[in-house]
Amino acid sequence: MADFLRTDDVAEADRFAQWRHWISATSVPLECAQVSRKPFRGEVGHWELGEMLVSRVAADPHLAARTRRTIALRDVGYYKVGLLTKGSCRLSQEGRDALLRPGDLAIYDCRRPYTMAFAETHQMSFLMFPSDRLRLPPAAVDQVLVTPVSSTESTGSLVAPFLRGDARTLLDRLSRDYL
């Protein structure tokens, strides 16, 4: 299933409220806040690939937070890998901070509170997958959480191409052929 949502299709006064709803519905429940008085613009594409969720976001500056309250609304055992392709993002989880620049990716745990601060217009792709599929001891995972990884090195070079475009190409073909 694929969803493509654009705030340009919503009345200007309702755009950010609709954005909060879309982001929480296509990912995990999040609290979002605007950081500018200008009209908000954003787009999100969301695809389900079995147990994996893939999304692409392009949006104006804002804050997004997974809090204890939003975790209680829907506690999901997912890890999330984010690849920033435009702008910057300050990612924080459990006392760890990372400033992501274009080409950086990071992994974080949706079962724990986190904050993403986007100070400028940005584009980011996300891959969410069940945490039990990683099959690593929790201590090993904790060591890599919120640690920027270059998309041109090691593991990043394996995941980044999928998030940059291969997933969209695959999904476009599937939707043409089967929907």
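The protein chain holds four helices and 12 strands, where helices (H or I, at least four residues) and strands (E, at least two) are DSSP runs numbered from the N terminus. This is a predicted model, in which local features need pLDDT of at least 70, side-chain atom pairs count only at pLDDT 80 or more, and totals for chains, interfaces and linings use all residues. Residues are numbered from 1 along each chain as its sequence is written, and side-chain values use heavy atoms, with hydrogens and water left out.

Of the 179 residues in the protein chain, 45% are buried; buried means under 20% relative accessible area, exposed means over 50%, and partly exposed lies in between (1.4 Å probe, protein chains only). The accessible surface of the chain is about 9,400 Å², and carbon and sulfur atoms account for 51% of that surface. These areas come from the Shrake-Rupley method with a 1.4 Å probe; for residues, only the protein chains shown count as cover. Among contacts (heavy atoms within 4.5 Å) between residues at least 6 apart in sequence, 70% join residues at least 24 apart.

A nonpolar core is a set of buried Ala, Val, Leu, Ile, Met, Phe, Trp, Tyr and Cys residues joined through side-chain atoms within 4.5 Å. The largest one has 43 residues, and W19, Y114 and M116 have the most contacts inside it. Leaving out residues up to four places away in sequence, Y114 touches a set of residues that includes V28, L30, A64, L91 and Y108.

Y114 and M116 also belong to strand 10 (residues 114-118), where they form the covered face together with F118, while T115 and A117 form the uncovered face. In a regular strand the side chains alternate between the two faces of the sheet. Strand 10 runs antiparallel to strand 5 (residues 62-66), and five bridges join the two; strands pair if DSSP finds at least two bridges between them.

L53 is in strand 4 (residues 52-59) and counts as buried because its relative accessibility is 15%. Apart from neighbours within four places in sequence, L53 is in contact with H46, W47, E48, F126, L127 and M128. L53 and P130 are 77 residues apart in sequence, yet their C-alpha atoms are 9.5 Å apart in space.

Charged side chains come next. Side chains of opposite charge can pair when their charged atoms come close. The whole structure has 12 salt bridges, each a side-chain nitrogen of Lys or Arg within 4 Å of a carboxyl oxygen of Asp or Glu. One of them joins E31 and R69 at 3.0 Å, N to O. E31 lies in strand 2 (residues 31-34) and R69 in helix 2 (residues 68-73), so this pair ties together parts that are 38 residues apart in sequence. E31 is partly exposed, with a relative accessible area of 31%.

R111 and D109 form another salt bridge, at 2.8 Å, N to O. R111 is partly exposed at 36% relative accessible area, whereas D109 is buried at 1%. Salt bridges that share partners also join R6, D8, D9, R15, R41 and E43 into one network. Within that group, the side chains of D8 and R6 meet at 3.9 Å, N to O. D8 is partly exposed at 28%, and R6 is partly exposed at 36%.
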